[in-house]
Amino acid sequence: MHDPPAQVGENHHVTEPRVQRSYGPCRARFQATARQCGASLWTLPIAARGPAGEVLTIDLAAMGSHRARRALVVLSGVHGVEAFACSQAQCELLAHLGSTRLPADVAVVVVHAVNPWGMAWGRRQNESNVDLNRNWRRSAVEPTHNHAYDELHHLACPETTELPSVDDLLEVAGRLVAERGLDWVRAGLTAGQYRHADGLHYGGERTEESNRLLEAALLPLLAPVEQLVVVDLHTGHGPWSELTLLVDHGPGSDDSRFWAACAPGVRIEHARDDPEATVAPKVGQIANGLRDHVRQGGAVAWSTTLEVGTVADLEQLAATYLEQWVYRRGDRRRPDHAEVCRRFARCFTPDDADWQQAAVTGMLSVLSAVFTAGVASS
Ligand SMILES: [Zn+2]
């Protein structure tokens, strides 16, 4: 007999109305919250340093049984710049779990800042310009080559000596969409590429340090698990302040049905066979990699990316284009280039109290529902 399902976060109120916008205070709050609620805490330093030379760490907080058969894993900051609201939602989750008795064979592992360098420097990618979410077990796989990106790289990453023109980008991009179709452009730009080390969504040549540390810390904790649910928190996809679950199987699949049952009413986008989808299938994603690893061991496992929408796609594209140029050719100490970086960061954590409140509350309510329906009551 299982214990009755724990109800986490019902009628919850978030404790902090404003999202912290820098790495250090977010990490400090996460560590303090983990200690306050009796979680086990692992702090994993990476070699790269922050803007003030400070040490950067991935932090794991684990609650519940050390020999759990059922587990929820919640990741944040795979894309560093997207981490700030996600960090707060993780703290709220820990605080609520801390006041709840977990079922005897359940564990919750909350991973803060998978990409701490990106969080500290306000970049999506890590210290080597690698998108960690195209890099899971990269050393063990040779991904299919993204030919479309070869054609798009010079457009996405122009070799201008001054900040490039967004109007030029949009004009050429509009022409390409008309000629080749939106799906071709979107997949080319976002699916991941492995040849242009200074380009967008570069997946790297080998498994990056953050992913190696994560794998080494997480897999032993998950070894006894017979049912795993992974939620990877992101911001920037979907309508303003709305939640979307990204699922890498098609409509009607077991994966899709699982997530629809766990989080009723939350929009689901499928990366495959979904005419409504605005995301391309990707390789090397962390949450899906963890799921597949556990499934290969014979256990039941599910994974999703939980997104909170921010600004419109075109605004994000333009901000990403300029920020990537500043990274490649600019100088973040110059006021106009620093402003590009600030605008880019605001695309993922809008300077809007209502958005921040909706994002944190929304993520917490989905995590709560997923924990209750997908882990605690199974
Ligand atoms: Zn993201």
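## Where two helices meet

Let's start with a pair of helices: Ala319, Thr320, Leu322, Glu323 and Val326 in α10 meet His337, Val340, Cys341, Arg343 and Phe344 in α11. Sorted by class, this contact of α10 with α11 brings together six nonpolar, two polar and two charged residues. Please keep in mind throughout that this is a predicted model.

Helix α10 covers residues 313-329 and helix α11 covers residues 335-346; their axes come within 9 Å and cross at roughly 135°. That angle makes α10 oblique to α11. The crossing of α10 and α11 is left-handed.

## The sheet

Now for the strands. Eight of them form an open sheet, and walking across it gives the order β1-β2-β4-β3-β5-β8-β6-β7, with mixed pairing. At the edges stand β1 (40-49) and β7, each with a single partner strand, so one side of each is left without a neighbour in the sheet. From one strand to the next, the twist averages 25°.

## Strand β8 and its partners

Strand β5 (residues 227-240) and strand β8 (residues 300-309) pair in the parallel sense over ten bridges, whereas strand β6 (residues 243-247) and β8 pair in the antiparallel sense over four bridges.

Which residue in β8 is the bridge partner of leucine 233? It is leucine 306. Leucine 245 also stands opposite leucine 306 in β8. Elsewhere along β8, tryptophan 302 has valine 229 opposite it.

Next, have a look at valine 294, which lies in helix α9. Is valine 294 buried or exposed? Valine 294 has 24 other C-beta atoms within 10 Å, and because a residue with 20 or more counts as buried, valine 294 is buried.

Leaving aside neighbours within four places in sequence, valine 294 is in contact with Leu222, Val225, Leu228, Ala299 and Ala301.

## Two loop residues with positive phi

Arginine 137 lies in the loop between α3 (116-121) and α4 (147-156). Its phi is near 50°, a positive value in a residue other than glycine. Arginine 137 is partly exposed, with 16 other C-beta atoms within 10 Å.

Where is aspartate 273 found? Aspartate 273 is in the loop between β7 (267-270) and α9 (286-296). Although aspartate 273 is not a glycine, it has a positive phi of about 55°. With 13 C-beta neighbours inside 10 Å, aspartate 273 counts as partly exposed.

Key: Residues are numbered from 1 along each chain as its sequence is written. This is a predicted model: local features need pLDDT of at least 70, side-chain atom pairs count only at pLDDT 80 or more; totals for chains, interfaces and linings use all residues. Axes are lines fitted to C-alpha atoms, for helices over the stretch in contact, and angles run from 0 to 180 degrees between N-to-C directions. Angles under 35 degrees count as roughly parallel, over 145 as roughly antiparallel, 65 to 115 as roughly perpendicular and the rest as oblique. A crossing is left-handed if the near helix is turned anticlockwise from the far one by less than a right angle, and right-handed if clockwise. Two residues are in contact if their C-beta atoms, placed from the backbone, lie within 7 Å. Ala, Val, Leu, Ile, Met, Phe, Trp, Tyr, Cys and Pro count as nonpolar, Asp, Glu, Lys and Arg as charged, and the others, Gly among them, as polar. A residue is buried if 20 or more other C-beta atoms lie within 10 Å of its own, exposed if 12 or fewer, and partly exposed in between; C-beta atoms are placed from the backbone. Two strands pair if DSSP finds at least two bridges between them.
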